[in-house]
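I opened the notebook to look up how two chains meet and what lies inside them. The entries follow in the order of looking.

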Amino acid sequence: MPDPVPLPGSLGIVVPSRGLGALLHHSLLALRMAMRPLDGEVETRVVVVDNASPVPYRLAALAADEVVRLDRHASFAAACNRGAAAADADATLVLNNDVLLDPRALTSLLAHLAAPRVGIVGARLVFPDGTIQHRGVALGPDGPFHPDRGVPSDSVRRSTRTVQAVTGAAMLVRREVLADLGGFDEAYPFGLEDVDLCLHARRRGWVVVCDQAVDSLHFESMTPGRADLDAASRELFRHRWHSACSPDPEEWQ
Amino acid sequence: MTEISVLIHTRDSADGLRRLLPTVAWSDDVVVIDMSSEDATAAVAKAAGARVVSIAPRPWADALRNDHLAEARHPWTLVMDSDEYLAADAGDLLAGYVAAADPGIDAFALPRFNEVAGRVLRGPRWYPDEQVRLFRSDAVRWESGHHRNPVARSGSLRVRIAPGPDPVHIHHASYASVREFVDKQLRYALTDDYPDGDFDPSAYLERVYGILAADDGQHDGDLGRALAVALAWDQVVRGLLHWESCRPQPDLPPFYAWPSVTAAAPGGHGGSGRQPRRAETAQTGGYREAYEAVLNSTSWRVTAPLRAVSDWRRRRRH
């Protein structure tokens, strides 16, 4: 009988969200299902960060413990930092409102924190058609990208990968990592703050892994206006990391 | 540290304060004027680090606010009701407004989200519902009565609407049900101040139809409709109370012919661009004068003639 996996004392789940109330509602229901195995084992807190939704969310209508309301739209990084501060947990899962977690996903992600050097754990995410949306972020000549994107998940191997970065769509981060790095970098308007956090964490000696055991669903970016903000984030990322990181060799991608 | 004092008048609102006070904790000068609460109001306020000023109970008359404006220590004051609260980022944003305020500006009007019976209402009557609540501490006073915006101490008040695209909002959740709403509206009506003269029934009727017309049925469903009816009725009640308070007491015109009115209002404050329906009106003459203000802003279909009112107006003119 293997030793039980040590779990963090507390887990915060931070869901930054703007509008899309029905999507958020179902994402939280899937989250609640994934939290059930943790009942009595881990103290949990679900914090929705209402990122200036035109009609404010009502806590009573959501399967969450707290809503942090922002009247002014903040960057994803700033929203995550607010949520993480409110959750104040030993480990924080940042979760997008368009991710529906598999019921086994949380236990699968948390298991990787048993290794003390692992600071950040990513999740394997598929599109509605079962093809890979994310199984780790690699660095190519043109910057970060998702290897195997669009490939049927069944044909992509399931062994855990140590990676350079993972997507913030479903990202589990140790408290020490957030404290060490001062949270996500709020200079990024939209996108790449997640990759930035991972690269900084690796520089500080943490290991970043991506769980491959379980597929969760990711609709990917229903938030309007994404393309413009992405460009500014890309520019900042390039400026910051241009000569400071190594591209993944092709066989790792 | 931000230069804004926060002023809250309250009675028996411990629950509301528990929700409100953490959202104004960014201010080092929060004053709670406690009208002799019998619940934990004063204790909750003190525990949150607010200054508590205890006074004798009064009905909810806004003129009370004037008595305590001097309590504010900062150059700017934010007034909040105990059933309201702010967003987590409001403190920073408000500090930005006052730091950048033109010297010629006395006050800011903040839009308000109104939640009733578990829904945030969006119809033009309910949103944006701007409230003049942030002002230079020495610039305003309130006239007596409930829920009026403040006026300038001298001259006219120069008010700026909180700048967009995402302005600071007041978050207001006061009524858990239509029943509670009706109860409170009635209490405000019964405790309000009515001028001794100046009773014009058609002014009240205009407001009645304006309120009914403003519920376009597009935003808030049956709840919106119910609240519109309750508010329209509230104007009838207020008209009667005003009539009773006049010395000498004027004639009361026949209120008995209340036609039902269906209306489509153009998109409230922002303008939705929808075309109003063509107005179809009964040929009774006379009523068009009375409701000119309403007709200019809405199109509506009168399903029964307003003959009684127009008759009264005709008699009054002769």
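Predicted model: local features only at pLDDT ≥ 70, side-chain atom pairs only at ≥ 80, totals over all residues.

Which side chains meet in a salt bridge at 3.7 Å, N to O? I found Arg18(A) and Asp166(B). A salt bridge here is a side-chain nitrogen of Lys or Arg within 4 Å of a carboxyl oxygen of Asp or Glu.

Residues are numbered from 1 along each chain as its sequence is written, chains are lettered from A and ligands numbered from 1 in the order in which they are written, and side-chain values use heavy atoms, with hydrogens and water left out.

Next I looked up the contacts (heavy atoms within 4.5 Å). I found 18 residues of chain B in contact with 13 residues of chain A.

I then looked up the buried area, the accessible area (1.4 Å probe) that two parts lose on being put together, summed over both. Between chain B and chain A it is about 1,200 Å², and carbon and sulfur atoms give 50% of that. Ala88(B), Asp89(B) and Asp166(B) supply 38% of the area that chain B buries against chain A, more than any other three residues.

Last, I turned to Leu11(A). Leaving aside neighbours within four places in sequence, I found Leu11(A) in contact with residues including Leu38(A), Val42(A), Leu93(A) and Leu172(A).
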